[in-house]
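Dear colleague,

Please find below the structure that I am handing over to you. A summary of the findings follows it.

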Amino acid sequence: MTPEPFSALGADGIRIAADRLGDPNAPAAVFLHGGGQTRRSWGRAAAAVAARGWQAITVDLRGHGESDWSELGDYRVVSFAGDVLELLRELPPRPVVVGASLGGFTAMLLAGELAPDALRALVLVDIVPDMDPSGASRIHRFMYDRMESGFESLDEVADLIQEYNPNRSRPADLDGLRANLRPRDGRWFWHWDPKFIDGTAASPPIEVTDVERMNGAVEAILAAGVPMLLVRGQMSDLVTQERADAFLARFPQIQFVDVAGAGHMVAGDRNDLFAEAVVGFLARCADDR
């Protein structure tokens, strides 16, 4: 299937870019990427879901990919969530949302604060409210490195990614990296607004550090009867085994899948196992269509 691009206006008029795979009248599964990524990171997982009769919607969050950057530097998580809520108005009611890392935090506030009845189900991909600070710092360092200087070549990009994530094979074809980069003055730069991470945004995504607010959002989601699944990368340094155990002990209603051979970037590391987990969860949600 070939993705069908479309767009919607976010909470404050920012244009949000998205792709659709599958029947536009079918129930929707909406995929929200992590910080510094784009909707392209979901390609194979979205295709697997669309092949099961859902429409798979992949979204570029504001400041990322082909979505607009915020002139006001508004990159609060609640603003990401407001954008997604506006986009959901273009879809059949009560989609499933799959959110990785920042996308997971966005989904928590979307369903836990802004619109408790908006979702059929929620999948959190390697994110919990009380994430490991050392893992979060490592991600921040990876994103910040070369942010201003950029890269001379795609090979240089692939080398940095390999250093950050040695568990993933270095791609033989580097063209796929272009979706996350922008060429400028003969160099390659990450495909997101530097203000999102460099400390200059007027409204940064500080909610990711508010553990109790995020736990409160999860409580509200579960109280509304929304099924939830946590998919963890077994080698993740952001959602360690201890932090996953504590989250599931607090919220025993949440289903859990531990993906062997995957780190924080679960879908990219082991897309086969990730897609199987998500497709299985969607099948269990299908009776509620």
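Helices (H or I, at least four residues) and strands (E, at least two) are taken here as DSSP runs, numbered from the N terminus. The model is a predicted one, in which local features need pLDDT of at least 70 and side-chain atom pairs count only at pLDDT 80 or more, while totals for chains, interfaces and linings use all residues. Residues are numbered from 1 along each chain as its sequence is written, and side-chain values use heavy atoms, with hydrogens and water left out.

The protein chain as a whole

The secondary structure of the protein chain comprises 9 helices and 10 strands. Its radius of gyration, taken over C-alpha atoms, is 18 Å; this agrees with the value near 19 Å that a compact globule of 289 residues would have (the globule rule is 2.2 Å times the number of residues to the power 0.38). Of the 289 residues, 54% are buried, that is, under 20% relative accessible area with a 1.4 Å probe, protein chains only. Among contacts (heavy atoms within 4.5 Å) with a separation of 6 or more, 75% join residues 24 or more positions apart.

Nonpolar cores

A nonpolar core is a set of buried Ala, Val, Leu, Ile, Met, Phe, Trp, Tyr and Cys residues joined through side-chain atoms within 4.5 Å. The largest has 71 residues, and Leu 87 and Phe 247 are among those with the most contacts inside it. Apart from it lies another core of 28 residues, including Phe 31 and Val 266.

Two buried serines

Ser 70 is located in the loop between strand 4 (55-59) and helix 2 (77-88). Ser 70 counts as buried because its relative accessible area is 2%. Its side chain reaches the backbone nitrogen of Asp 74 at 2.9 Å. Beyond its neighbours within four places in sequence, Ser 70 is in contact with residues including Ile 14, Arg 62 and Lys 195.

Ser 236 occupies the loop between strand 9 (228-233) and helix 7 (241-250). With a relative accessible area of 6%, Ser 236 is likewise buried. The side chain of Ser 236 makes a polar contact with the side chain of Asp 126 at 2.6 Å; such a contact is a pair of N or O atoms within 3.5 Å, where, within protein, one must be able to donate a hydrogen and the other to accept it, and residues adjacent in sequence count only if both atoms are side-chain atoms. The Ser 236 side chain also reaches the backbone nitrogen of Leu 238 at 3.0 Å.

With kind regards

Conventions. Buried means under 20% relative accessible area, exposed over 50%, partly exposed in between (1.4 Å probe, protein chains only).
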